[in-house]
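Please examine the sequence and the structure shown below.

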Amino acid sequence: MFVVSLYSVEMERQAANKVEFNRALMNAFKEQFQDVWLKAGDQTDAIPAHKIILVARSKVFRNILESDDFKASLSKETITLSEMKHDELETFLDFIYNGSLPDTKMRQHVRILYVAAYIYEIPHLQDLCRNLLIVSLNTTNVFDVLELAKIHSDTVLEHEVSEFIISHMEGVSYSSKFMSFVESNPALTVQMIRGHVNRVNRLEK
């Protein structure tokens, strides 16, 4: 038991060292040579960033920053991300620079990060957000997550949400959003109800 405990402490220490190692480099880099500004849709102050980091992380940012207008400019340019608020943009940039986020920040901003990952073509971030959305499904948020999946043509997320609804049909059917979902998606509702009935029948056998 003592050996296991000692090993756990050592792993935590090494993980903390790794985080500090990466953070120190990125903080030093952030403080120098910013050459582009990112502005949120709520018209708050713009946030300085580095073209080279944005280009490395996102195909969409690469296309924007390698356009003729940006290349011809000698001054710092501004990109407006109208779908985000300032704190959401800060969190998005934290991920772009560090490649990860604290769990609390991920959970707080998971939906906007999911949308941003889709818009700016960052598959790794979208995977992380999708996984978090799936494990966080409940009868209260399930229809909101399903709408998110359908809007962004995410068949994996849509499948997982459908399976959740089938498995929790009794609780889901009492949701305040259930009737509006039925009215908007009658065929899908029938499919899910049939799936629920088949599941119940299998369990009863």
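Two residues are said to be in contact when heavy atoms of theirs lie within 4.5 Å. The model is a predicted one. Setting aside residues up to four places away in sequence, Lys 177 touches Phe 143 and Asp 144. Lys 177 and Asp 144 are 33 residues apart along the chain, and their C-alpha atoms are separated by 8.9 Å. Lys 177 belongs to the loop that runs between helix H10 (169–172) and helix H11 (178–184). Its relative accessible area is 33%, so Lys 177 is classed as partly exposed, since that class lies between the buried limit of 20% and the exposed limit of 50%.

The sheet comes next. Strands of a sheet pair through backbone hydrogen bonds, and the pairing may be parallel or antiparallel. Here three strands make up an open sheet with mixed pairing, in the order E2-E1-E3. Strand E2 (47–49) and strand E3 (77–81) are at the edges; each has a single partner strand, and therefore one side of each has no neighbour in the sheet. From one strand to the next, the twist averages 30°. Strand E1, residues 36–40, pairs with E2 in the antiparallel sense over three bridges. Leu 38 has Ile 47 in E2 as its bridge partner.

Strand E1 also contains Lys 39. Beyond residues up to four places away in sequence, Lys 39 touches several others, including Ala 46, Thr 78, Ile 79 and Leu 89.

Is Ser 58 buried or exposed? Its relative accessibility is 2%, and Ser 58 therefore counts as buried. Its side chain reaches the backbone oxygen of Tyr 120 at 2.5 Å. When neighbours within four places in sequence are left aside, Ser 58 is in contact with Tyr 120, Glu 121 and Ile 122.

Technical notes. Residues numbered from 1 in each chain as written. Predicted model: local features only at pLDDT ≥ 70, side-chain atom pairs only at ≥ 80, totals over all residues. Heavy atoms only, no water. Helix = DSSP H or I, 4+ residues; strand = E, 2+ residues; numbered from the N terminus. Buried < 20%, exposed > 50% of the residue type's maximum accessible area, 1.4 Å probe, protein only. Pairing = 2+ DSSP bridges. Axes fitted to C-alpha atoms, helices over the stretch in contact; angles between N-to-C directions. Polar contact = N/O pair within 3.5 Å; in protein donor to acceptor, adjacent residues only side chain to side chain.
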